[in-house]
Amino acid sequence: MVSVISFWNADKPLAVLSFYASHPQSYYHLGIPNPDYPGVARFFRQLAVPDALHVHFTGAGGDITTGKYNDGSHENRLLFAQRLADGMKRAWETGKRETISDKNVVWTTEPVGLPPDPAKSRNNEYEQRYNAGKQIDLGCLAMGNTRILFMPGELFVEYQLAAKKMRPDLFVALAAYGDGVRVIYLPQ
């Protein structure tokens, strides 16, 4: 499911944030940077709503892929992008507006030290930081009845489900890959 948060000035859209819980790659090792299908979908939405800045976040999809249709073919990238753009469009069209002010917009952080799983040790950047005693800030942007959690690593969908279970009264979105950390293996 695609989540969209948009910011408006009266009837003019200013910015659109989209969140999608799926691993953001359809094929690999091209040797050149590319936005893959989420970037193409974001571009389609930019064309549809050109006055707003569009920013896409990979959500809690570290363990979710585009599924059985992801056979690595170049042709499927466009298909995935079109499907994601359609989900973004539907989320945009069904969104509820909420007035916010500086009184109900709050940014908070919580420093945490998440111990890596020694059985999966790779001596990566995160493990080096953790072993040096450095913590990672988990961020939360609260805007009225909306929360955006910014977390490190490739988040699994269970993080999204847990966040929603903890706050069923709120609209909750997760943004992965925060703090420059790619993967964190927690002990089982």
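Predicted model: local features only at pLDDT ≥ 70, side-chain atom pairs only at ≥ 80, totals over all residues.
## The largest pocket

Strand E1 (2-9) is the top contributor to the lining of the largest pocket, giving seven residues. Strands here are DSSP runs of E with at least two residues, helices are runs of H or I with at least four, and both are numbered from the N terminus. A pocket is an open set of points on a 1 Å grid over the protein atoms alone, with protein on both sides within 12 Å along at least five of seven lines; a cavity is a set of points where a 1.4 Å probe fits but cannot get out, and lining residues have an atom within 4 Å of a point. Residues are numbered from 1 along each chain as its sequence is written, and side-chain values use heavy atoms, with hydrogens and water left out.

The pocket holds about 870 Å³ of space, a volume being the space filled by probe spheres set on grid points that are joined across faces, edges and corners. Its lining has 25 residues, with Val4, Gly95, Lys96, Arg97 and Glu98 nearest the centre.

## The largest cavity

There are two cavities of 30 Å³ or more, and the largest has a volume of about 60 Å³. Its lining includes Val4, Arg42, His54 and Trp92. Strand E2 (12-20), helix H1 (36-48), strand E3 (53-58) and helix H2 (74-94) each give two or more residues to that lining.

## The cores and H2

The largest nonpolar core has 13 residues, and Val2, Val4, Tyr37, Ala41, Leu84 and Met88 have the most contacts inside it. Such a core is a set of buried Ala, Val, Leu, Ile, Met, Phe, Trp, Tyr and Cys residues joined through side-chain atoms within 4.5 Å; buried means under 20% relative accessible area with a 1.4 Å probe, protein chains only. H2 gives the most to this core, with six residues. Beyond its neighbours within four places in sequence, Ala41 is in contact (heavy atoms within 4.5 Å) with Ala81, Leu84, Ala85 and Met88. A second, separate core of eight residues includes Ala60, Met151, Leu155 and Leu170.

Back to H2: its buried residues include Asn76, Arg77, Phe80 and Ala91, and what covers the buried residues includes E1, E2, H1 and E3.

Key. Buried < 20%, exposed > 50% of the residue type's maximum accessible area, 1.4 Å probe, protein only.
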